Amino acid sequence: MNLVIASGKGGTGKTTVATSLAVTLARHGQTVAYVDCDVETPNGHLFLKPMVTRERPVEKLVPRVNQETCLLCGLCAAVCRFNAIACLPDQTLVYEELCHGCGGCTRVCPVGAITEAPHPVGVVKVGAAGAIQFVSGTLNVGESTSPPVIRATRQAAPAADWTILDAPPGTACPMMEAVRGSDYVVLVTEPTPFGLHDLRLALEVVKTFDLPCGVVVNRAQPGATEARDLCRQARVRILAEIPDAVAIAKEYSRGQLVVETVPGLREIFDQLCLRLLEEVPKEKCPHEMRQRLEAAIRASSQSPATGPPAAGDPFSTPRLAAPRQREEPTRAASAS
Amino acid sequence: MKLAISTRGQDVNAPVDLHFGRTRFFRIVDFETGAETLLNNARAANAPQGAGIQTAQTLARLGVQAVLTGGVGPNAWRILQAARIQVFSVRGGSVGQALQSFREGLLRPLTEKQVTYF
């Protein structure tokens with residue numbers, strides 16, 4: 001089950017949701033791989049605090065020009081859409097960090113003066129955080145294209161019941177590289193004009209990939225209905241609402257997993273897991289795995305000693321939201 | 001000697017464009033013949049990336065030896081250095097004013113230290 005956690009706007013809480021969801025699923029006995037695809041600013045390790053056991057460089061092929069045989073004809077520079085190769089009157093220069101590695105220049109060179117050589121663009125780290133398999137990609141400083149590193153990071157993910165891909169923000173190539181080929185997309189948003197504007201864009205991207213998706217509203221405020229209205233219009237289900245609370249921000253700023261340290265969040269993430277089970281494609285989620293997770297969540301909710309105390313819980317949002325959301329998938333199903 | 005001035009317009013009174021790579025035009029002055037021509041830089045100006053590289057390459061292939069512009073980035077600088085093209089920085093004004101300052105020897109060539117990404 002490849003679950004990608006994306007957003008349009010940055011800073012809405014992708015990593016908060018991805019790490020806390022990974023921990024929740026692992027606590028309920030599922031095998032989980034957390035994959036940080038936000039290779040320009042990976043930060044999942046700050047919360048999961050993994051032991052990294054392997055590091056592998058990621059390379060792309062860039063042109064090497066043999067200045068002895070180069071005719072200085074300029075065909076290579078003319079074919080390069082990314083201006084990564086420049087032909088001057090007396091030499092041909094390559095800008096490795098701008099190159100997308102398409103190999104076009106090598107093909108058009110009439111005298112075979114260009115060969116391809118590997119150029120490091122990033123690293124992939126593999127390790128474990130407790131029971132969670134941990135994979136994280138990092139793009140080298142100065143490199144212009146992250147998709148090759150995102151691809152390598154995804155490929156390094158070990159098999160698991162749940163592969164949780166923490167996507168880069170935005171709606172451009174890096175985000176699409178993380179979303180492409182996943183089984184389900186969770187879009188994290190915040191009820192601000194920017195958050196909702198970018199959620200609209202993200203929904204369009206998900207639509208072009210024809211993937212099922214749901215929304216998590218972070219920093220949800222009681223009475224703010226814009227996110228719900230938007231999701232209703234787009235026929236997308238709200239999977240969870242995480243309240244706007246100083247306690248969460250404080251724990252986050254200390255690098256804590258909010259699901260473990262903030263009272264009330266355990267219930268929200270348990271609910272999120274159950275909603276996901278209803279939403280994700282059946283064929284990607286074996287019946288046995290589904291039953292196992294449901295049983296584990298049910299068992300843990302009956303033994304309050306295992307979770308933070310529910311008494312004094314400052315959040316009522318999850319339970320308030322639950323009954324109203326119930327009807328939406330039916331409507332979505334009948335309308336589509 | 002050929003001098004290129006980055007500009008937003010087509011005549012001498014047009015303002016100098018302080019952005020080297022994405023300037024719309026260059027006014028090219030040939031001091032030997034006295035000829036002044038206009039170079040359309042639209043292709044580089046609209047490039048998704050590497051506008052400065054493409055612009056510098058164009059000037060190098062034209063045999064330009066000096067540029068009047070606001071400033072250049074490190075990628076373009078590498079080409080301008082390799083092609084031995086001097087860069088003279090101006091703060092604004094029209095093409096005519098910049099040319100006048102250049103003729104009077106009021107402009108100093110840019111050094112490596114003044115080349116930044118922003």
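**Exercise 1. Is A:Ser300 buried or exposed, and what does its side chain meet?**

Solution. With a relative accessible area of 17%, A:Ser300 is buried, where buried means under 20% relative accessible area, exposed means over 50% and partly exposed lies in between, computed with a 1.4 Å probe and the protein chains only. The model is a predicted one, in which local features need pLDDT of at least 70 and side-chain atom pairs count only at pLDDT 80 or more, whereas totals for chains, interfaces and linings use all residues; side-chain values use heavy atoms without hydrogens and water, residues are numbered from 1 along each chain as its sequence is written, and chains are lettered from A and ligands numbered from 1 in the order in which they are written. Finally, a polar atom of the A:Ser300 side chain lies 3.0 Å from the backbone oxygen of A:Ile297.

**Exercise 2. Which residues of helix H5 of chain A are buried, and what covers them?**

Solution. In H5 (residues 147–155) of chain A, the buried residues are A:Pro147, A:Val149, A:Ile150, A:Ala152 and A:Thr153. Their cover includes strands E2 (32–36), E3 (51–65), E6 (114–129) and E7 (132–139), together with helix H6 (173–179), of chain A.

**Exercise 3. Work out the strand order of the sheet in chain B and identify its edges.**

Solution. Begin with the inventory: chain B has four helices and five strands, and its elements run β-β-β-α-α-β-α-β-α from the N terminus on. The open sheet has five strands in the order E3-E2-E1-E4-E5, with mixed pairing, two strands being paired if DSSP finds at least two bridges between them. Strands E3 (36–40) and E5 (86–89) of chain B stand at the edges, each with a single partner strand, so one side of each is left without a neighbour in the sheet. Within the sheet, E1 (residues 2–7) and E4 (residues 66–69) of chain B pair in the parallel sense over three bridges, and B:Leu3 stands opposite B:Ala66 in E4 of chain B.

**Exercise 4. Where does B:Gly9 lie, and which residues does it touch?**

Solution. B:Gly9 lies in the loop between E1 and E2 of chain B, and at 13% relative accessibility B:Gly9 counts as buried. Residues up to four places away in sequence not being counted, B:Gly9 touches B:Ala14, B:Phe25 and B:Leu38. The C-alpha atoms of B:Gly9 and B:Phe26 are separated by 8.8 Å, the two residues being 17 apart along the chain.

Terms used:
Helix = DSSP H or I, 4+ residues; strand = E, 2+ residues; numbered from the N terminus. Polar contact = N/O pair within 3.5 Å; in protein donor to acceptor, adjacent residues only side chain to side chain. Contact = heavy atoms within 4.5 Å.
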